Amino acid sequence: MATLRELMPGSRLPRFESRMLWQHVLQVPRSWLIAHDDKPISPEAQQAYVQLESRRLAGEPMAYLLGYREFMGHRFDVSPSVLIPRPETELLVETAVQLIRDIPSPAVLDLGTGSGAIAVSIALANPDAQVVATDVSLAALKVAQGNARRLGAAVQFAQGSWYQALPPGKVFDVIVSNPPYIPKIDPHLAQGDLRFEPAIALTDGDDGLAAYRHIVSGASAHLHDGGALYFEHGWDQAPAVCELLQQAGFRQVRSLPDLAGILRVSGGHL
Ligand SMILES: C[S@@+](CC[C@H](N)C(=O)[O-])C[C@H]1O[C@@H](n2cnc3c(N)ncnc32)[C@H](O)[C@@H]1O
């Protein structure tokens with residue numbers, strides 16, 4: 001039987017990806033691979049690796065092959081039913097955590113929760129928060145519920161289109177959302193990782209601003225006086241999202257840059 005030392009150089013993947021897939025197949029930490037690269041690898045494990053390798057070579061995202069992605073220092077399970085959490089989304093979580101810092105038992109709503117990355121991270125950062133997370137996709141909600149349970153986050157989940165998921169009269173201190181914002185004509189939808197992610201998580205099937213219009217227009221019925229609404233949006237959407245917020249009567253409207261300096265999060269207070 002071949003050893004890892006013999007098998008790894010033959011991989012057509014970059015070395016770090018090959019290593020991560022071997023770790024996944026053998027269910028071992030990285031240190032094991034280094035210390036035991038002379039151990040014979042079973043034909044079953046070799047076959048499992050080859051299958052993952054060919055899926056990766058066909059472009060499937062590593063997160064779907066491994067079944068998880070790190071976000072805010074937590075491991076979130078992912079499946080092809082959910083968007084893979086992006087590092088830039090941590091800015092929306094950090095902003096929400098700041099906004100609720102001085103509110104006792106703050107009520108927080110995450111619209112379009114996907115894997116639950118935003119809602120679960122907020123609940124873990126502020127265990128006093130009453131966090132509600134919604135999605136139109138039942139399959140996504142199942143993944144999010146699993147993440148909340150495994151990570152020990154108290155989040156209430158509800159299924160439905162935007163505010164329709166909520167019981168009547170429910171109001172919040174802070175609403176956050178990272179809705180689908182890629183315009184339907186954007187060629188990136190047919191490229192790279194996006195080909196494998198759920199279309200409903202990526203595009204509004206319109207100009208990229210449809211979800212913002214809907215969420216902004218319904219916000220006053222679901223926010224306390226002085227409550228805040230904050231969004232993540234695309235690299236060029238900050239002016240349009242700010243305009244929507246201002247037109248709806250939001251004050252202190254501002255946009256915040258991500259680590260790359262791109263205005264990525266916009267919001268304001270009612
Ligand atoms: C860009 S993904 C964000 C997922 C997650 N919040 C994150 O940041 O990683 C958008 C999410 O909105 C959900 N969604 C799309 N249309 C929706 C609707 N009409 N009502 C509620 N959720 C919707 C999708 O299923 C998807 O989970």
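**Reasoning about strands and buried residues**

Mentor: In this predicted model, strand E8 (residues 251–257) and strand E9 pair in the antiparallel sense over five bridges.

Trainee: Which other strand pairs with E9, and in which sense?

Mentor: Strand E7 (residues 223–232) pairs with E9 in the antiparallel sense, again over five bridges, and here Glu-232 stands opposite Val-265. Strand E9 itself, residues 263–269, is mostly covered, with six of its seven residues buried.

Trainee: Why is Asn-178 called buried?

Mentor: Buried means under 20% relative accessible area, and Asn-178 has 14% relative accessibility, so Asn-178 counts as buried. This residue is found in the loop between strand E6 (172–177) and helix H9 (199–202), and, leaving aside neighbours within four places in sequence, its contacts include Ile-118 and Glu-232.

Trainee: How do you know that helix H7 is largely enclosed by the rest of the structure?

Mentor: Seven of the nine residues of helix H7, which covers residues 117–125, are buried, and therefore the helix is largely enclosed. Among these buried residues are Ile-118, Val-120 and Ile-122.

Technical notes: Residues numbered from 1 in each chain as written. Predicted model: local features only at pLDDT ≥ 70, side-chain atom pairs only at ≥ 80, totals over all residues. Heavy atoms only, no water. Buried < 20%, exposed > 50% of the residue type's maximum accessible area, 1.4 Å probe, protein only. Helix = DSSP H or I, 4+ residues; strand = E, 2+ residues; numbered from the N terminus. Contact = heavy atoms within 4.5 Å. Pairing = 2+ DSSP bridges.
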